[in-house]
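Please keep the model open while reading.

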Amino acid sequence: MRNFTLLVLFGILVTSCKINVNKNNKQDVLFIDHVNPFIGTGGHGHTYPGATVPFGMLQVSPDNGISNWDWCSGYHYSDNIVAGFSHLHLSGTGIGDLADILFMPTNKKLDLTTPTTSRDQLPYKSTYSHANEKTTPGYYQVYLEDPKINVELTSSLRTAFHKYTFSKNDQQSVVIDLGFAINWDKALKTELKVEDPYTISGYRYSTGWAKNQKVFFVAKFSKPIAETILLADKKVITGSTANGDTTAAQLFFDANNDDELLVKVALSSVSVANAKGNLESGNFSFEKEKSKAGTIWNKALSKITVETPIDSLKTIFYTAMYHAQLAPVTYSDKNGEFRKENNDIVKAKNYTAYSTLSLWDTFRAENPLLTIVAPDKVSDLVNSMLAYYDTKKILPVWTLYANETNTMTGYHSIPVILDAYQKGIKGFDAQKAFEAMKATMMQDERGLNFYKQYGYIPYNLLDESVTITLEYAYDDWCVAQMAKALGKNEDYEFFSKRSKAYEYLFDSASGFMRGKSDDKKSWNEPFDPKHSNHREHTDYTEGNAWQHSWFVPHNVDNFIKLHGSNEVFTKRLEQLFTESSEITGNNVSADISGLIGQYAHGNEPSHHIAYMFNHAAQPWRTQYWVRHILDTQYNTTPNGLSGNEDCGQMSAWYVFSSMGLYPMNPASGEYEIGSPIFEKSTINLEKGKAFVIEAENVSDKNFYIQSATLNDVPFNETVITHQQIMQGGTLHFVMGATPNKNWGVKK
């Protein structure tokens, strides 16, 4: 009996241990617990805290109702008033657009006929407190203090889910305002239709940054609508359909001894019928959808696992992984259809069409990161760009809701396509892709006529001439590499020659890239490398000569030769980080932020620069400055990003750099070695393979690489290829507090 009792106790002990182990294992893989979507919602991060899934069509999120640069996403952490919850948002851009299809629960009948010119006049706005606000990947919750309603939001790929919990015995009502707009957006034509006691549908045509934006929607409620007030252009109308420049509705529901009201909303760029096709079928099960969204995010975040005893570093890393998978966004409907800028309705065959392509930002690290963590999405992105080419006969610059905004410089769909092809990603027509790349760089728009005529863009013929020239030179290099891969030798020679356009603008006396006149001799005078003039009468885009003189990622070795020697180059490069942070001028670009000396981490043109020491025989300086940037430019507060998140680029820099890698030349298929911040990072590859990066002895002081091995073989290179990573294996670093000036230096 005693033995039996001991056996039972032993069994209970083992079982309890298994439970604990299982619980611990489960906690270990709950990556969403390490994500804080409030990071970047303060300062100039411009992120939103609402609910979406990776690359989701909808981003259902709160709108404060302010039209201001720091409210580009609709929300800023400094605010405490909410105007409602709309279904489309931009993550971290400097552009104020979208915020379409606004829903707001309330507990009383409101007068919606009064014209409003500011959010203070909105009758349905409410205060809230961050103490009663929560967000995790795929879920957002806030308590509205004025109507005393708890709001919860979640989302699937093409459907948003709302859950409103009203106070007991309160009137249950929802306002839908299709006239609501912030920043540049303006409603042009809208419709609201009560289809049946449970269903509202309609559309919103608007202009703004996206000049021709058409959003159709359908909303289904868990309770029948007991009463409806419809408005067209601020006037109450009769009937079941309202049409006007702006329309709104207030819907009322019987409580029926149930304080909860559930809503599901789907959108389409094509039609209400397609929105209905996108709407998730089945019963209203908010918790089930919330759980699904969390599971989807957990899988997306698990593509890279990091090990560190410092919880804040995990939070920064997995929030960066989260932000890096918010955009681009799904644009085609379930049936494959989507609307083009010219209103053609086309069908994506065997791919998903994506929009919100912030290419000037994302080509640098975000798109290369997707080839690792979401390779199944990359060919779809390329096909989306080629669908744009079918209409425009050039590749996109920055597309939003299929509209070309022509915002920013260069044609950086080109390096994204090359990167995909070089890495062996299939699923798109390589010959057509090359045709599109070549045609884009041979047309005459956006200064390419001057570029072709002079070999560079003269400053007296076009603003931002230096930045544009340098970026076209890089795009040319990418076209050349694609031509070479496809055996098109004549094209390879032609574009390779043009890719040296940066040589025209390099001033060896000062070490800066400078504006040159069309006489091919005269520099733009007077010259102040710290001077910034935002987007007009300037040679540089959102920056100055200090920040823009380093963009030659495709030929760093030749760039160093232009300086005269490694010593001259590294002295100037070091000065970038140690120079005073004064920016001169009367119209300084607000995008110049996150300054370390004149290095501006808050804007993308600086992101590759710290890695250039690797090419000048001083990799320990790369290690020093990369670690300094990691430590100073990111934190776990709402102000945790030093500049615009820009659709994932700011975060992609952190994801790569914290592991000790970075695609300095983003279309080369190579990653520069920096300074890993984690004891261990594991890139979980397909078919059960993994690439592990270990940093023995790493700490806040031990950030210099002392030695390295790749699969137990001594490794003395400052680059590693994408192919090497995809094969799996282990890259092991030994870290120390003082630089090893022999490691990574070719003798």
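## The nine-stranded sheet

Nine strands make up an open sheet with antiparallel pairing, in the order β6-β7-β8-β9-β18-β13-β12-β11-β16. Two strands count as paired if DSSP finds at least two bridges between them. At the edges stand β6 (133-136) and β16 (241-244), each with a single partner strand, so one side of each has no neighbour in the sheet. On average, neighbouring strands of this sheet are turned by 15° against each other, direction ignored.

Within the sheet, strand β8 (residues 149-155) pairs with strand β9 (residues 159-165) in the antiparallel sense over six bridges. Val151 stands opposite Tyr164 in β9. Helix α3 (residues 286-301) lies across β7 (139-144), β8, β9 and β18 (260-268), and runs at about 50° to β8.

## Basis of the model and overall size

The model is predicted; local features need pLDDT of at least 70, side-chain atom pairs count only at pLDDT 80 or more, and totals for chains, interfaces and linings use all residues. Residues are numbered from 1 along each chain as its sequence is written, and side-chain values use heavy atoms, with hydrogens and water left out.

The chain has 19 helices and 40 strands; these are DSSP runs numbered from the N terminus, helices being H or I with at least four residues and strands E with at least two. The chain's radius of gyration is 27 Å, close to the 27 Å that the globule rule gives for 747 residues, so the chain is as compact as a globular protein of that length. The radius is taken over C-alpha atoms, and the rule is 2.2 Å times the number of residues to the power 0.38. The C-alpha trace spans about 90 × 80 × 50 Å along its principal axes.

## Packing of α3 and α4

The axes of α3 and helix α4 (residues 311-323) come within 10 Å and cross at roughly 110°. Axes are lines fitted to C-alpha atoms, for helices over the stretch in contact, and angles run from 0 to 180 degrees between N-to-C directions. The two helices, α3 and α4, are therefore roughly perpendicular to each other (65 to 115 degrees; under 35 is roughly parallel, over 145 roughly antiparallel, the rest oblique).

Trp297, Ala300 and Leu301 of α3 make the contact with Tyr318, Met321 and Tyr322 of α4, where contact means heavy atoms within 4.5 Å. By class, this contact of α3 with α4 has six nonpolar, no polar and no charged residues. Ala, Val, Leu, Ile, Met, Phe, Trp, Tyr, Cys and Pro count as nonpolar, Asp, Glu, Lys and Arg as charged, and the others, Gly among them, as polar.

## Packing of α11 and α12

Helix α11 (residues 465-485) and helix α12 (residues 489-498) have axes that come within 8 Å and cross at roughly 160°. α11 and α12 are therefore roughly antiparallel to each other. The residues of their contact divide into seven nonpolar, two polar and four charged.

## The three-stranded sheet

Three strands form an open sheet in the order β24-β25-β26, with antiparallel pairing. Its edge strands, β24 (357-358) and β26 (403-404), each pair on one side only. Two bridges join β24 to strand β25 (residues 398-400), and Trp398 in β25 is the bridge partner of Ser358.

## Backbone geometry

A cis peptide bond with omega of about 0° joins Ala327 and Pro328; Pro328 lies in the loop between α4 and β20 (329-330). Another cis peptide bond, with omega of about -10°, joins Glu525 and Pro526. Lys234, although not a glycine, has a positive phi of about 70°, and Lys234 is found in the loop between β14 (225-232) and β15 (235-237).
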